[in-house]
Amino acid sequence: MAPTLPIVIYHYVFSPVGKRIIWYMTLRNIPYTHCLQPLALPRPDIAQIGVSYRRIPVLAIGRDVYLDSRLIMRKLEELYPPSAAHPSLSGTTGDQKAIERLLDVLMSDSGIFDKAIQLLPLDFPPLSDPEFLKDRAELAGIVPGKTPPPQSAPGPDPKLRRPIAAAELRDAMEILETTLLADGRDWVLKTDRPMLADIEAVWLFEWMVSMDCFSPELINSNQFPKILAWIDRLSKLVAEKAKESPAEEVNGDIAAATIFNSGYAEEEGIVEEKEAVVAVQGLKKGDLVNVYPTDNGCLHKDTGALVSLNSKEVVINVEGKNGKIRVHAPRHKFAIEAV
Ligand SMILES: N[C@@H](CCC(=O)N[C@@H](CS)C(=O)NCC(=O)O)C(=O)O
């Protein structure tokens with residue numbers, strides 16, 4: 001049975017990773033409210049629920065707060081099992097599930113999101129805003145006067161960054177155009193409707209198209225006709241579906257009240273002693289730990305009492321101004337350190 005607890009997603013409209021989750025919830029009829037955030041820090045709405053993590057999206061189901069879209073997706077899959085109200089989007093065969101997972105790895109872990117960001121046009125307005133640039137330097141872990149200046153790594157001339165990034169993106173798009181979509185199918189798994197595999201594959205490319213500022217040389221219908229037609233099909237379908245039950249937008253105070261007036265979505269788990277990160281630090285339930293991402297946004301550590309830890313996630317109890325929440329982070333690309 002799906003929980004009846006309210007879902008709040010913190011995101012901003014230009015966040016492709018946020019859209020990954022929004023599209024999934026839309027296609028599965030999972031009701032949510034959204035609390036829109038600014039493009040850069042500060043984000044007092046998120047701070048007021050007691051979360052220090054700085055990336056977007058963050059999703060709360062009742063008082064359980066989930067960081068990182070991959071964990072969010074996995075939790076929505078677990079907590080909202082297929083039903084008539086929430087039709088499944090997951091592949092059913094082993095091969096389909098493998099494709100879903102591999103597309104997630106390709107889009108999230110291959111670094112092509114960063115490459116796409118490097119390819120934003122130089123006249124893209126935020127790139128000439130010193131405050132925005134300072135914020136994104138902080139995301140990369142650079143704070144003047146606080147962190148040591150980054151070592152200049154040996155590498156290609158900076159003017160080659162864009163052509164190198166473009167080649168990486170082209171490679172990823174070629175995978176879709178020349179393999180999964182090559183036979184003219186409508187959806188990645190050759191199903192009669194879009195599935196999770198489509199969502200896992202589409203979010204970054206859809207963002208590039210919808211931003212309408214990337215060079216047409218990067219993504220155009222001569223080079224990638226099947227990808228562009230598929231993005232168009234999927235975005236129209238999601239837009240139609242979203243109109244059926246539009247999500248309500250709430251402000252930070254209402255979002256916080258919604259969370260703190262709810263119960264927990266999940267039972268407390270255990271701290272698995274055999275996990276190396278537990279054994280090495282001698283961690284026990286209740287110990288105070290810091291949890292933070294290791295790839296970027298690393299300066300934002302969430303501190304709380306350890307609730308559970310297994311091979312997939314760590315959960316801590318965090319005391320917000322208005323009460324307690326449980327913060328869940330994935331193990332992938334996150335550190336857990338005793339305080
Ligand atoms: N691995 C993270 C990546 C999230 C991510 O990079 N989100 C971008 C927005 S799309 C972000 O947070 N950028 C910095 C910021 O907005 O503070 C996830 O899957 O959730």
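**A short tour of a predicted protein–ligand model**

K190 has a phi near 60°, a positive value in a residue other than glycine. For background, most residues other than glycine have a negative phi, and most peptide bonds are trans.

A word on what you are looking at: this is a predicted model, in which local features need pLDDT of at least 70 and side-chain atom pairs count only at pLDDT 80 or more, while totals for chains, interfaces and linings use all residues. Residues are numbered from 1 along each chain as its sequence is written, and side-chain values use heavy atoms, with hydrogens and water left out.

K333 also has a phi near 60°. You will find K333 in the loop between β9 (323-330) and β10 (334-338), and at 32% relative accessible area K333 is partly exposed.

Now, two cis peptide bonds. One goes from L41 to P42, with omega near 5°, and P42 sits in the loop between β2 (33-36) and α2 (44-47). Another goes from I56 to P57, again with omega near 5°; P57 belongs to the loop between α2 and β3 (58-61). Helices here are DSSP runs of H or I with at least four residues, strands are runs of E with at least two, and both are numbered from the N terminus.

On to the ligand. Which residues are closest to the ligand? Of the 15 that surround it, they are Y12, R43, R54, I56 and S69, where a residue is near if one of its heavy atoms lies within 4 Å. Y12 is in the loop between β1 (7-11) and α1, and counts as buried at 14% relative accessibility.

Let's look at some individual atoms. A polar side-chain atom of D68 is 2.9 Å from a ligand nitrogen, and one of R55 is 3.5 Å from a ligand nitrogen. For R136, a polar side-chain atom lies 3.2 Å from a ligand oxygen. Taken alone, the ligand exposes 500 Å², and the protein buries 88% of that; these areas come from the Shrake-Rupley method with a 1.4 Å probe.

Finally, the whole chain: it has eleven helices and ten strands, and 48% of its 339 residues count as buried.

Technical notes:
Polar contact = N/O pair within 3.5 Å; in protein donor to acceptor, adjacent residues only side chain to side chain. Buried < 20%, exposed > 50% of the residue type's maximum accessible area, 1.4 Å probe, protein only.
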